[in-house]
Structure formats: structure tokens, C-alpha cells
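Colleague: Walk me through this one, please. I'd like the general idea first, then the case at hand.

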There are 2 protein chains.
Amino acid sequence: MGRPRRAAGTTPQHAGHTETTPRSAPDRLLAVLGAFDHAHPALSLTDISRRAGLSLTTAHRLVGALTEWGALERDPSGVYHVGLRLWEIAALAPRGLALRQVALPYLEDLYEATHENVQLAVRDGNEVVYIEWISGRSAVGVRIKVGARWPLHATGVGLALLANTDAEFQAAYCAEPLAAFTPHTLTDPARLRRILADVRRTGCAVSTRQVTEDALSVAAPVRGVDGTVVAAASVVVPVRDAHVPALIPSVRLAARGISRALGWHPERPEQRERS
Amino acid sequence: MGRPRRAAGTTPQHAGHTETTPRSAPDRLLAVLGAFDHAHPALSLTDISRRAGLSLTTAHRLVGALTEWGALERDPSGVYHVGLRLWEIAALAPRGLALRQVALPYLEDLYEATHENVQLAVRDGNEVVYIEWISGRSAVGVRIKVGARWPLHATGVGLALLANTDAEFQAAYCAEPLAAFTPHTLTDPARLRRILADVRRTGCAVSTRQVTEDALSVAAPVRGVDGTVVAAASVVVPVRDAHVPALIPSVRLAARGISRALGWHPERPEQRERS
């Protein structure tokens, strides 16, 4: 998984229509792709130029090359979207769609067992990225989408993932300011460290009212073939009628099912749980 | 949807370690991404250089830029995979994961109703691209994966999509040689044209033993907000115990459910079925 690779918002946004810093050719092309995000899934050429920090001429040339190749698609109104060919290649990402494909049957079983919102997430640096989301009928105030990011300490999946990073990473994470989203968000590093120790001991993370006042999540780690934690599965339920002790076994079973499908065999000594 | 954008295999493969043709900077970077496909989801630097038709030096520089940005990830053995950040951006593709997210509940209902393999596909040029696949218990000899491509005439989803392209596109398609995968594959253009007319009339496509001898598929078109066909849903079942008349209503209902979720209202005259 590695070091925190980039902070959110590294992409220069609203940097004006002129190229302020000289950048390499690959960086300019990637800046065009990076102009698209959940808040901006459809962009005009002018939007792309502004968000990528490129001149209109350069943006026009790069968007043309990306469209010709199929990484972008232009709709009849002239607005650009992410294209099917990029999606096909991205579907090969072992931590994206490929993981989702293995996990989906187990997530569906978890949904059948609970009828609540079910998620699968991976860690990228200091954040969780949701790679699957199955919506339950009791839709709690959901603020999360597939591909969305959230800080590790604020969600169940994040706590499950953070608890299974190495001691150095956890110490560095706890030393940074911890963002609050509700009065219940874990912002005290000492308390966060105690909770992470609990998560390691119990194999399960409970995150209560951290993202919204009305919801809690129960999460468990998913292990790869060598026993390292590669993802986390969770359910998000309304706090008012949550029965946490009943949810824990279901979430743990689903996470273990995905782990086994990924090749993890806890019976083999060399594949014991690792963090 | 537009013209057939590119033939399969446009990417120069096995083009040697030297750059034979001068190409633009965007083309070289995209050639690195294009080196990854279903048969090659994990590549060494040497593999990438060969498949992209780039010198090792150039490949090294471009792979470095892509890895730094998060489009590729390098595993401890030095092998490269498609990275999470590319997946996050590709998740915004309206014809990829975004469409899948809308369609998934209806596909799950179709699976519950039939307990057979369920698919969602879109057209890209002369091919179908599968963007969702839910596996049934009676797993027929399945040769299709998410992100996989198949010629339009050989599958149920392909026939449903081809029947809803314009007359000019259909004429051009039928004039090209039609690849055969079994003795039952539709290779006679006159017969294909008759079948496409049936599909338009009935709103449903049945493809029998075209891809493998033991399977058939039943497909129906999915319409977008303006009534144009944007995708197709299908079930694939073993020929030996298929009861096609019973499958047709389920597939049509699922496809209409997805269409409605995409904003199609067949009751409104301006949103009638369009091809």
C-alpha cells in the first residue's frame, strides 16, 4: 500500500488560463484527466483548461488526443466526459474493479443478511476510497459515492484499514490534525490510538456518528493471499435502531469470505493475519 | 454513440524495443496505458516497452510519470498494474461505472428472477463492451469478462444494440465479413438483416449458440433520457434447459427499469423509442 502518495487537491485547480509553471508533457496530459472528479464529471474545454492550469491551445490539443484515443468522449453539446476506453483499462486495476468483482457476491450476501448499506473500501495514503456501495432500503443520510474519499479516522472502513498499517504509519497519522465532521468525530489522538488497538484485538471497527449524526458503521478488514490487509468491508446503519453486536459477525464473515476468495488461508501458518 | 472509432488491435503490439514511428507525446503516454488489457493486466517495464512500441528509456520515463500520478502502481516484485487513481477517474465514465451504478439494482432483480448469468453491455464501434456481469449458479461456459469486447452480431446484447443503430451503420456492418465462433454464428448478411428487423419489431434479441455451443442469450435495449438506445441487458443460459418465452418478459422488464432510472419516460411523446 505504501506511503501517503498525494494530498487531496494536488491538481492545480482554478489556476487561470495561462500556464504558470513549465511542466513535462506527461504531467500536462495527466492534468487534463485530473480535471475530472466527482464534483466535475462533465467539463467544457474552457473548464478543462482552467482546472488543469493549461492554455486553451494546449488543452485543445491534449483533449483532442485523449478523445481520439477514447479516454474522453465529447457529447453533442460539446461537453467532455470520461470515455469508455479509459474505463476498460481502469477495470484492470487490482485495487479497483478487479477487487470489486471478487468481493461482490460476498457484499450481496452481506446486504441480504442485513438489508443495510454495504461498502467495500481500500486505503490510499491517509484516505479511504470506496470501490463498492450497495444501498440499503433504510437509506441513512448517505454522503458517500463509489470513488469518493474520506479520512481514515472518520469511518469504520478507515479505522479497520488504519489499525492494520504499521506502527510508524499510525504514529504519523495520529500526529497530524484529525478533521472533524460532527462533534463525535475522533479528533483526540490518544483516544484514536486506544480505538485502533481495540480494532486490532477484536478484528472489527465500529465508527459511531463520525460522518453524520444519524449513522454508525461496522467494518472488518479484508486480507490478501499473503495475509496483509488490502481492503475493508462495512455496513452503515441508522444509529436509532442499530444493534451492533448482531452486525459484527455478519460483517466479519463477509470480510473473511472475500479474503478467502482472494486466496487467504488462515489455516496455513505462513498466511496468518499480518498487519 | 457515433462511428466505429477504432479497430481492435490498433495499439502497436510487439513492435520491438525501438521507436519505429515518430509519435506525439500524448500518443506515447497513451500507448503505455494501452499496453494493459485483459490478457495483460500486469506488465514489467520491458513488457510495457515492447507492447507500447517505445524504447526502454522512454518507457521508463513515462511509466515513472504515470506511477507518480497514480495511474499505475508498482508491486514489490517490480511488476506494474493499473492504479487506483485511474480507476477513480474512470469511475466517472457515464458509459462505464456510472451507468453500472444506476443499472445494478435492476440487474440484481433480474438475477433474483432467473438465477442465470446477467449482463449489461454498451456499444463501442463494431463491438459490445460488457460493463457488468453477475454470475448465475448454472455457470454456462462463460468466456466473457467485465471490460471484454465481442462483435455485435455474435451476442444477444450486440444484436439488441446493432438493431437500434441507424440504417447506414447497419448496412456498413452487414457489408463487412462477419466473424464466426461456432457453426451457429450469424455470418450470412441477409439473415442478419432479417434478424435485426425482428429485434426492432419485438424489442428483444435472442442469440443462440453463437459464442459457445451450449449457451444462448436473451437481450433487450436500455434507453436514455431522450429515448436513444444507450446499452443492452441480457441473460445467458444453458441451451439444454432454456425456456426462452419465459425469459423475454424478465429481460425486457429489467431493461425498461434501467431505462426509467436513466430518465426515460415512454409515456411522453417526445421520448418515444428512437433508434
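**Reading a two-chain model**

Modeller: Let's start at a spot where the chains meet: the side chains of A:Glu73 and B:Arg95 make a polar contact of 3.3 Å. A polar contact is a pair of N or O atoms within 3.5 Å; within protein, one has to be able to donate a hydrogen and the other to accept it, and residues adjacent in sequence count only if both atoms are side-chain atoms. Keep in mind that this is a predicted model: local features need pLDDT of at least 70, side-chain atom pairs count only at pLDDT 80 or more, and totals for chains, interfaces and linings use all residues. As for bookkeeping, residues are numbered from 1 along each chain as its sequence is written, chains are lettered from A and ligands numbered from 1 in the order in which they are written, and side-chain values use heavy atoms, with hydrogens and water left out.

Colleague: Where does A:Glu73 sit? And is A:Glu73 buried or exposed?

Modeller: Elements first: helices (H or I, at least four residues) and strands (E, at least two) are DSSP runs, numbered from the N terminus. A:Glu73 belongs to strand S1 of chain A, residues 72–74. For burial, under 20% relative accessible area is buried, over 50% is exposed, and in between is partly exposed (1.4 Å probe, protein chains only). A:Glu73 comes out at 17%, so it counts as buried.

Colleague: How many salt bridges cross between chain B and chain A?

Modeller: The rule wants a side-chain nitrogen of Lys or Arg within 4 Å of a carboxyl oxygen of Asp or Glu. It finds six across this interface. One salt bridge pairs A:Glu132 with B:Arg100, where the closest N and O atoms are 3.2 Å apart.

Colleague: What about salt bridges overall: how many over all chains?

Modeller: The count is 22. Within chain A, A:Asp124 pairs with A:Arg95 at 3.7 Å between the closest N and O atoms. A:Asp124 is in strand S3 and A:Arg95 in the loop between H4 and H5, so the pair ties together parts 29 residues apart in sequence. Both A:Asp124 and A:Arg95 are buried. In chain B, B:Glu127 and B:Arg149 come to 2.8 Å. That pair links strands S4 and S5, so it ties together parts 22 residues apart in sequence. Both B:Glu127 and B:Arg149 are buried. Salt bridges with shared partners join A:Glu73, A:Glu88, B:Arg95, B:Asp124, B:Glu127 and B:Arg149 into one network.

Colleague: Now backbone angles. Which phi does B:His115 have?

Modeller: The general idea is that most residues other than glycine have a negative phi. B:His115 has a positive one, about 55 degrees. B:His115 lies in the loop between H5 and S3 of chain B and, at 30% relative accessibility, is partly exposed. B:Arg209 also has a positive phi, near 55 degrees, in the loop between S6 and S7 of chain B.

Colleague: Let's end with the fold of chain A. How many helices and strands does chain A have?

Modeller: Nine helices and eight strands. Of its 275 residues, 55% count as buried. Helix H1 of chain A (residues 25–34) is mostly covered, with eight of its 10 residues buried; among them are A:Leu29, A:Leu30 and A:Val32.
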